[in-house]
Amino acid sequence: MSPSSSSSADQTFLQQTVSLFGTVAGYMRLPAIASTGIAAVLTTLLYFKQKALIYPSHMPPNSRTEIPRPSQFNIRDYEELIIPTSDGEKLSAFYIRGPKGGRNSNVTVLMFHGNAGNIGHRLPIARMLINYTGCNVFMLEYRGYGLSTGEPDESGIMTDAQTALDYLRDRVETRRHRLVIYGQSLGGAVSIRLVAKNQGSGDVAGMILENTFLSMRKLIPSVLPPAKYLSLLCHQVWPSDNYIASIKVPILFLSGLQDEIVPPSHMRQLYELSTSPIRIFKALPGGDHNSSVLEEGYFESIAEFIENNTDNDREKP
């Protein structure tokens with residue numbers, strides 16, 4: 001569909017999503033605005049409790065048990081999936097089909113979410129992606145999030161990401177699709193590492209990053225200022241700055257310039273570190289960490305990027 005086909009219902013769904021994650025942003029800021037004494041205590045717990053801080057899968061409340069379904073957003077053609085991992089976990093996922101026979105019906109967006117909530121909370125974004133691009137969307141829920149089993153950590157989430165990509169490569173319906181890897185915040189770090197490892201197969205047509213960070217260690221001084229001198233204690237590293245230069249597929253950087261969690265300078269530096277022959281930086285002047293999807297030009301930029309970089313007149317051989 002064209003951008004003009006976006007309805008008031010789409011905008012309402014998106015605004016509800018942004019409002020929901022606004023509560024999570026407040027949670028993330030609590031350590032930063034706490035008194036110096038309390039923050040000092042939090043700092044001593046950084047090493048032992050960092051997974052709970054980095055992966056608040058229980059936020060917003062009831063996120064592990066109440067997962068919105070595609071039908072609640074007038075999405076009709078979809079599958080609810082449970083996918084096993086190589087280490088014994090079971091991952092929840094949605095596969096949502098775009099319009100059959102459309103120009104981008106052979107393109108699937110693999111979507112990696114941020115560090116809170118569940119895939120159901122991102123369904124309004126998936127709906128907008130389909131409306132603007134006509135692509136299919138595959139939404140993965142990391143271990144320890146929503147209905148997925150296990151506990152999240154860096155190694156496990158990367159196993160989950162590879163599991164999702166392998167599933168799309170093996171599935172009859174999608175094995176010849178062009179794939180666009182799309183990650184928001186933590187999902188951007190997941191995307192960077194996954195693409196760096198898998199770009200040589202030729203099916204990854206591009207990568208879209210929104211409001212992601214250089215590394216978790218470099219993010220700590222912004223989120224938890226009193227802990228800045230102890231950032232080396234962070235064992236959930238997510239070193240995107242070490243991987244981004246190796247990626248040669250086209251990259252779209254979507255940066256909310258009012259981001260209150262990840263300093264916009266992180267996105268700018270990732271862009272500058274990139275050596276991709278095709279790299280596009282889209283600044284969203286009014287976008288904060290969660291509201292960038294509401295900014296004018298957000299979905300238009302994605303649609304143009306996919307149109308220009310997916311070779312959508314042919315499928316992967």
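A charge counts as sitting over a ring if NZ of Lys or CZ of Arg is within 6 Å of the ring centre and within 35 degrees of the ring normal. Arg268 meets this test, lying over the face of Phe281 at 3.8 Å from the ring centre. Arg171 does too, over the face of Tyr95 at 4.5 Å from the ring centre.

All of this comes from a predicted model, in which local features need pLDDT of at least 70, side-chain atom pairs count only at pLDDT 80 or more, and totals for chains, interfaces and linings use all residues. Residues are numbered from 1 along each chain as its sequence is written, and side-chain values use heavy atoms, with hydrogens and water left out.

Next, the aromatic rings. Rings of Phe, Tyr and Trp (its six-membered ring) pair if their centres lie within 6.5 Å, with planes under 30 degrees apart called stacked, over 60 edge-to-face and the rest tilted. Searching the whole structure this way turns up 6 aromatic pairs. In one of them, Phe253 and Tyr271 have ring centres 5.5 Å apart and planes at 90°, so the pair is edge-to-face. This pair ties together distant parts of the chain, as Phe253 belongs to strand 7 (residues 251–256) and Tyr271 to helix 9 (residues 264–273), 18 residues apart. Helices (H or I, at least four residues) and strands (E, at least two) are DSSP runs, numbered from the N terminus. Elsewhere, Tyr132, Tyr298 and Phe299 make up one aromatic cluster.

Phe253 and Tyr271 are both buried, that is, under 20% relative accessible area, against over 50% for exposed and in between for partly exposed (1.4 Å probe, protein chains only).

Now for the strands. Strand 1 (residues 78–84) and strand 2 (residues 90–96) pair in the antiparallel sense over 7 bridges; pairing takes at least two bridges found by DSSP. The two strands form a hairpin with 5 residues between them, and Gly88 in the turn has a positive phi of about 95°. Ile82 stands opposite Ser92 in strand 2.
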